[in-house]
Structure formats: C-alpha cells, structure tokens
Amino acid sequence: MLLEIKNLHANVNGKEILRGINLTVNEGEVHAIMGPNGSGKSTLSSVLAGDPTFTVTEGEVYFKGKNLLELSPEDRSREGLFLSFQYPVEIPGVSMVNFMRTATNEHRKYKGLDPLSASDFLKLMREKKELVELDNKLANRSVNEGFSGGEKKRNEIFQMAMLEPKLSILDETDSGLDIDALRIVANGVNKLKKADNASIVITHYQRLLDYIVPDIVHVLYKGQIVKTAGKELALELEEKGYDWIKKELGE
Amino acid sequence: MSIEQSYIDIFKQYRDVLKRNSGAPMDALRDAAFESFQRRGFPTRRMEAYQYTDMKEAFAVDYGMNLNRIALTEDFRCEVPGINAYLFYVVNDTFFCPPESENCLIELRKKGVSIGSLREYSETDPELVAKYYGKAAVSGTDAIIDFNTAFAQDGFFLHVPENVVIDKPIQLICVMTGKVPMLGTQRNLIVLERSAQAKLLLCAHTRGEWEQLSNRVTEVFVGENAIYDHYKLENTHSKSISVANLNIRQQSGSEIIVNDLTLHNGLTRNRIQIDIDGEHCQTTLSGMAIGDAKQHIDNTTLINHHKPNCKSRELYKYVLNDEATGAFSGKIMVAEGAFKTEAYQTDRNVCMSPNARMYTKPHLEIYADDVKCSHGASTGRIDETALFYLRSRGIPEEEARMLLMFAFVSDVLDNIRIEAVKDKIRLLVEQRFRGELSHCNSCGVCK
C-alpha cells in the first residue's frame with residue numbers, strides 16, 4: 001500500500017472543504033478523481049502536498065507507512081510525493097537550472113547520496129527534457145517566468161521526471177492545454193509509469209483519460225468520495241454529467 | 001558645547017595644518033565651505049533631505065581625526081580578490097598604493113592617465129584639479145558636503161584623457177581603521193574626458209572594534225561620449241557609520257552605470273546626485289541593501305534631467321530582517337525643455353520580520369512636455385506561494401527563502417558589467433543571506 005487516506009477533513013479559513021475522504025492507492029495503480037467545480041479536488045491535492053493554507057482537522061494519511069501529515073512539504077517531496085500544480089508559480093530570478101539542481105541534490109542528500117556533478121546533472125536534465133519536449137530555451141530561463149500555459153504544464157511533468165516520485169498527483173494538468181500539448185504531457189506521464197509507482201489524476205473532463213488510462217475512477221462531491229468504479233465511470237460522467245450522481249445521493 | 005562647536009574649534013585650531021597638507025585648489029574652497037557649515041550646522045531629521053537619518057548624532061562621538069597626516073599603510077584583504085583589477089587603497093582618508101600596484105601606476109601614467117593621491121595632484125597639477133574640484137559636489141548646498149570640503153586633505157584622483165580606455169577595472173579599497181574611534185574625511189575626484197572609458201569598484205570596509213565614521217565625497221565628471229561604471233560595495237561592521245555623497249555630471253552622449261550595494265553595515269547614509277548636462281545620455285542607477293539586527297540604510301537619490309533626449313533607469317531593492325530600517329528617497333527632476341526624456345524609477349522591498357521598517361518616498365518633478373516617466377514602490381513580504389512551490393520540490397524552507405531573497409535582488413546584481421565582479425558579488429550576497437559572511441575580518445564586533 002502506497003497511500004492510505006482515512007476520514008480526512010480539512011478547512012480553509014474556517015470553511016470545511018474536505019469532509020471525510022477515504023482512499024487507498026497501491027503501487028502500479030492510476031487513480032482518477034473527478035467531480036464538479038468546488039467539490040474539493042484541488043484542496044485534496046494541496047493538503048496531501050502540505051500547503052500551509054489548509055488546516056487538517058480530522059483523519060489520518062499514511063504514505064509508505066509514514067504519517068504524512070507530520071511531514072514538512074519538503075520531506076513529503078523527498079519521500080516521493082509529487083504535486084503537479086494546477087497553477088504553477090512564476091519565480092523571477094530563480095533559474096530553472098538552479099532550481100532543479102537544488103531540488104535534485106536535496107533529494108539525493110535525503111537518500112544519503114552525494115550531489116551530482118555539474119556534467120552529470122546537465123546530462124540528466126537533457127534526458128528528461130526530451131521526455132516532455134521542453135525547449136532548451138525554457139530550461140535556461142527563470143522558473144515558469146513568461147511560460148505559456150502549455151509550457152508551464154510541460155515544465156511540471158519535466159520536474160516530475162527529474163524527481164522520479166513514488167506517487168504523483170496531477171492537479172488539472174489538462175486545463176489550458178491544446179490537444180497537442182495534452183498528448184505530449186500524457187505521453188510524458190505514461191513513460192514515467194512503473195510497476196512500483198502510482199498516480200492520482202485530478203481532472204474535470206474525460207479527455208485526459210483517453211491518454212492516461214486510469215485503473216480506478218472516483219467521484220468527489222462536497223468533500224467526500226461518493227462513487228468509485230472502473231474506467232467506464234469516466235465515460236459515463238462525460239456522457240451524462242454529474243446530475244445523475246446528485247440524484248443517486250437523493251439531492 | 002554643541003557638537004558643531006567642537007569641529008569648529010578643531011577647524012580654527014588646525015587651519016594652517018589643513019593648508020599645509022593639501023594643494024591650493026583644495027584649500028581655496030575651504031573657508032567658504034567652513035562658513036557655510038558653521039551657518040547650517042549638522043542636518044537633523046527635521047530637514048526633509050535628512051528625514052530618515054540624523055547626522056548630528058552620527059558626528060556626536062568623540063572621534064580622532066588624522067589631521068597631521070600620520071602615515072598609514074594597509075594590508076587589508078578585500079573579499080573581492082582575483083578580479084584582475086588595478087588595486088589601490090584609501091586608508092581612512094589617505095591614498096595608499098600597495099607595493100604590488102606601483103607598476104600599475106606607472107603603466108597607467110604612461111597612457112596619460114593621472115591616477116593616485118588627490119592631495120598629491122592638487123599640489124603637482126593644481127590647474128587640472130581646480131578645473132573640476134568642488135564643481136559637482138558644490139559647497140554651500142549641503143552641510144555634509146561643506147564639512148567634507150572644509151576638512152578634506154586627500155583621497156583618490158583619476159583623470160582619463162580623451163579617447164583613453166582603461167582596460168581593467170580599478171578597485172579602490174576604502175578602509176576605516178584605528179585604535180580609537182576615527183573620523184575619515186575622504187574626497188575623491190574622477191574625471192573622464194571625451195570618449196574615455198573607466199570602471200571603478202569601490203569597496204568600503206572597517207577594521208577594529210571602534211566606531212568609525214567615514215565621510216566620503218566623490219565627484220565624477222563624465223565627458224562627451226565617455227562611458228563610466230561605478231560600483232560600490234559596502235561591507236562594514238555594525239559600529240560603522242558611513243556618510244557618502246556621490247555627485248556625477250554627465251556630458252552629451254555619455255553613458256554611466258552606478259550600482260550601490262550595501263552588503264553589511266552599521267548606519268549608512270548614501271546620497272547620489274546625477275546631473276545630466278548634455279543630450280542623448282544614458283544613466284543606470286541601481287542599488288541593493290541587505291539589513292538585519294539594528295542596521296540602518298538610507299539611500300537618497302536625485303537625477304536631474306537638464307537636457308532633452310536622455311534616458312535614465314533607476315532600481316533599488318532592500319531586504320530587511322530583525323529590526324533593520326531602510327529608507328529610500330528617490331527624486332527624478334525633469335527640467336523645462338528637457339523634452340523626450342525617459343526616466344523610470346522602481347523601488348521594491350521585502351521585510352522578512354515584523355519589526356523591520358522600510359520608508360520609501362519616490363518622487364517625480366516634471367516641468368517638460370513629451371516625456372515618459374514612471375515611478376513605483378512597493379514593500380511586502382516574501383511570496384508564500386513561491387515558497388511553497390519550492391518546498392514542494394524538496395527544497396528545505398530555509399534554503400527556499402534564501403533562493404527567493406537572492407532571486408529578489410538578482411536584477412540589481414545584473415547591473416554589473418564586469419563578469420568577474422558580478423560572480424564574486426553574487427557569491428557574497430548568497431553568503432550574506434546564509435549568514436556565512438565574514439564581514440569584519442575577525443574584528444569580532446558583529447558576532
């Protein structure tokens with residue numbers, strides 16, 4: 001078992017967004033979390049990554065057997081959790097190279113490894129850049145500064161490739177992508193898939209799931225997972241919308 | 001007895017000594033400057049130009065003044081070594097050429113460059129010095145400049161003749177030292193004739209455990225189509241008081257960069273005035289200040305656009321922690337008739353702690369039509385979303401903060417056109433943010 005979420009409740013500014021999430025993710029699995037706007041999808045990913053804006057009020061989360069909620073955001077990352085941001089942050093003045101070198105070496109330090117030499121690091125960067133067809137020019141710029149929407153999302157997957165996480169959470173990675181960019185991003189994610197890692201794909205629409213095929217689909221609604229099924233559920237949602245689920249819930 | 005009175009008495013008592021120890025052009029301005037100082041007294045915070053920093057207090061300590069010119073040599077090692085520069089010193093207020101630089105003096109003088117002690121040149125080439133001395137930092141306009149002009153005996157002199165390009169940067173290490181609290185009255189004069197080029201790196205340091213007050217006036221004349229770079233790095237200890245005036249006059253078609261970096265200090269008041277006296281000039285003025293503990297950094301700037309078709313760009317950034325205070329007062333004046341002026345001013349500041357204070361006063365005064373001018377100032381905290389983004393990639397919080405602070409000032413450091421100096425200063429800034437900087441060379445004051 002890679003991730004186990006039990007009865008997770010979380011607040012932002014005193015407002016309860018997550019109201020008892022239960023979810024288990026095993027190695028090798030791809031989970032999709034779908035749901036209407038405001039259902040708490042992004043909150044769930046932020047809480048898992050340790051965003052201090054949110055307060056966990058109840059419940060437990062175990063990641064690789066460790067109590068995730070006790071770990072700092074940096075330790076969660078170094079343990080192998082990765083969040084691909086819905087809105088990647090622009091950081092003028094911090095170069096991509098410096099950012100990734102620092103991150104990579106912090107991960108290595110955590111594992112008791114020596115930092116990469118400059119040439120090994122650049123080689124690694126070159127390799128991983130190709131995976132998402134990230135332009136060389138972008139890698140030499142400041143983090144996300146002046147990147148287009150598609151470039152920012154590709155940059156997220158590039159970082160994921162560099163850090164080789166155990167569990168990646170892709171938060172609305174498809175939003176703002178045209179069909180070509182979507183294919184590139186999805187290909188990148190698929191190439192990174194291994195028997196011992198897993199992903200949670202958070203999305204509004206079915207279309208990303210044409211490329212990244214989930215094993216299990218969950219519907220998140222009003223802060224709870226209200227339905228769980230196989231990949232056919234995504235197609236059903238695409239066709240019928242969310243209203244039938246609301247009806248099933250007696251609303 | 002008032003604080004002024006003790007200096008007035010010293011001036012009267014040592015009037016002959018001051019005359020003996022300087023050339024005629026320096027001595028010629030002394031009495032008028034002294035009278036003006038006597039009339040004005042030290043500026044206090046009641047005056048708008050000094051509202052953030054009290055000068056009377058700064059001069060209140062019972063300082064020693066080396067009026068009799070006891071010879072000082074210096075073996076201070078600046079933290080910006082290995083940049084392949086011509087290296088000279090000003091120790092307190094005395095020019096000093098280290099033995100290893102004597103060949104540099106000869107080399108430069110062969111090219112027609114006059115370089116060395118201002119006192120010496122005011123005696124051996126009084127006509128050249130008189131042509132410029134006191135013409136940019138004019139006495140009668142400011143009590144601190146008056147004080148400096150009344151007491152100045154020495155400092156650095158540079159005259160670059162027409163079309164001469166000095167290939168390497170000149171590094172001037174200004175160090176305040178002494179076994180008692182000392183007041184150094186340093187006066188520098190730099191002249192670039194038509195189409196000349198030079199780059200100066202001025203490093204200000206302090207030694208010893210005492211209060212040290214440096215009163216520095218630097219005048220710079222940049223001739224037609226000349227190019228001049230002026231970088232200043234202050235890295236002094238917490239008991240240091242630095243009062244520095246930099247007055248620059250630019251002729252037509254000239255281009256300057258001024259970059260004033262305060263890495264570590266005690267109390268600092270920098271005033272920079274740039275008078276653009278010709279058309280088609282380019283002016284870049286920038287600065288950075290990093291303050292913690294109880295450090296105080298005041299940068300007051302004035303850019304005077306007297307003539308049309310000139311461009312100026314101004315950028316200042318402060319990072320303040322603990323109980324540090326920063327002040328920025330920047331004024332851009334566009335005179336009547338200075339049409340097609342482009343002048344942009346930006347001041348951005350970060351307060352890392354709730355007790356740090358930043359005072360900022362950007363202002364524009366425009367008397368001409370058809371100009372493009374802007375100013376902007378902001379003071380805030382570090383961007384929390386960026387901090388979380390970095391941490392979410394495994395970068396520890398402290399390191400992430402350091403990266404963000406460094407990124408914040410990086411565009412100021414980009415205004416350095418000597419790669420070796422830029423690299424070295426970037427490293428020093430990083431060390432400063434990490435708290436690893438040996439800013440006092442074992443003096444122990446700032447531990």
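**Notes on a two-chain predicted model**

1. Eleven of the 15 residues of helix 6 of chain A are buried, so this helix is largely enclosed by the rest of the structure. Please keep in mind while reading that the model is predicted. The buried residues run from A:K153 through A:R154, A:N155, A:E156, A:I157, A:F158, A:Q159, A:M160, A:A161 and A:M162 to A:L163.

2. What surrounds helix 6 of chain A? Its buried residues pack against strand 6 (81-84), helix 3 (96-110), helix 4 (118-131), helix 5 (136-139), strand 9 (167-171) and helix 7 (179-191) of chain A. Helix 6 covers residues 149-163, and the distance from its first C-alpha to its last is 22 Å, close to the 21 Å expected at 1.5 Å a residue. After the helix comes A:E164, which has a positive phi, near 45°.

3. Buried along helix 3 of chain A are A:M96, A:F99, A:M100, A:T102, A:A103, A:T104, A:E106 and A:H107. Just after this helix, A:G112 has a positive phi of about 80°.

4. Is A:A49 buried or exposed? A:A49 is buried, as 23 other C-beta atoms lie within 10 Å. This residue belongs to helix 1 (residues 41-49) of chain A. A:P73 is 24 residues away along the chain, yet the C-alpha atoms of A:A49 and A:P73 are separated by 6.0 Å. Beyond its neighbours within four places in sequence, A:A49 is in contact with A:P73, A:R76, A:L81, A:L83 and, from the other chain, B:S392.

5. That last contact leads to the meeting of the two chains. Here 17 residues of chain B are in contact with 20 residues of chain A. On the chain B side, helix 10 and helix 11 are the elements that give two or more residues. Helix 11 of chain B supplies the largest share, seven residues. By class, this side of chain B has eight nonpolar, four polar and five charged residues.

6. How do helix 10 and helix 11 of chain B pack together? Helix 10 (residues 384-391) and helix 11 (residues 397-413) of chain B meet at an angle of about 125°, with their axes 9 Å apart. The two helices are therefore oblique to each other, and their crossing is right-handed. Helix 10 of chain B contributes B:A386, B:L387, B:L390 and B:R391 to the contact, while helix 11 of chain B contributes B:E397, B:A400, B:R401, B:L403 and B:L404. Six of these residues are nonpolar, none is polar and three are charged.

7. Helix 11 of chain B also packs with helix 12 (residues 419-434) of chain B: their axes come within 10 Å and cross at roughly 150°. This crossing is right-handed. From helix 11 of chain B the contact uses B:M402, B:M405, B:F406, B:V409 and B:L413, and from helix 12 of chain B it uses B:K422, B:I425, B:R426, B:V429, B:E430, B:F433 and B:R434. The residues of this contact divide into eight nonpolar, no polar and four charged.

Methods:
Residues are numbered from 1 along each chain as its sequence is written. Chains are lettered from A and ligands numbered from 1 in the order in which they are written. This is a predicted model: local features need pLDDT of at least 70, side-chain atom pairs count only at pLDDT 80 or more; totals for chains, interfaces and linings use all residues. Axes are lines fitted to C-alpha atoms, for helices over the stretch in contact, and angles run from 0 to 180 degrees between N-to-C directions. Helices (H or I, at least four residues) and strands (E, at least two) are DSSP runs, numbered from the N terminus. Angles under 35 degrees count as roughly parallel, over 145 as roughly antiparallel, 65 to 115 as roughly perpendicular and the rest as oblique. A crossing is left-handed if the near helix is turned anticlockwise from the far one by less than a right angle, and right-handed if clockwise. Two residues are in contact if their C-beta atoms, placed from the backbone, lie within 7 Å. Ala, Val, Leu, Ile, Met, Phe, Trp, Tyr, Cys and Pro count as nonpolar, Asp, Glu, Lys and Arg as charged, and the others, Gly among them, as polar. The expected span of a helix is 1.5 Å times one less than its number of residues. A residue is buried if 20 or more other C-beta atoms lie within 10 Å of its own, exposed if 12 or fewer, and partly exposed in between; C-beta atoms are placed from the backbone.
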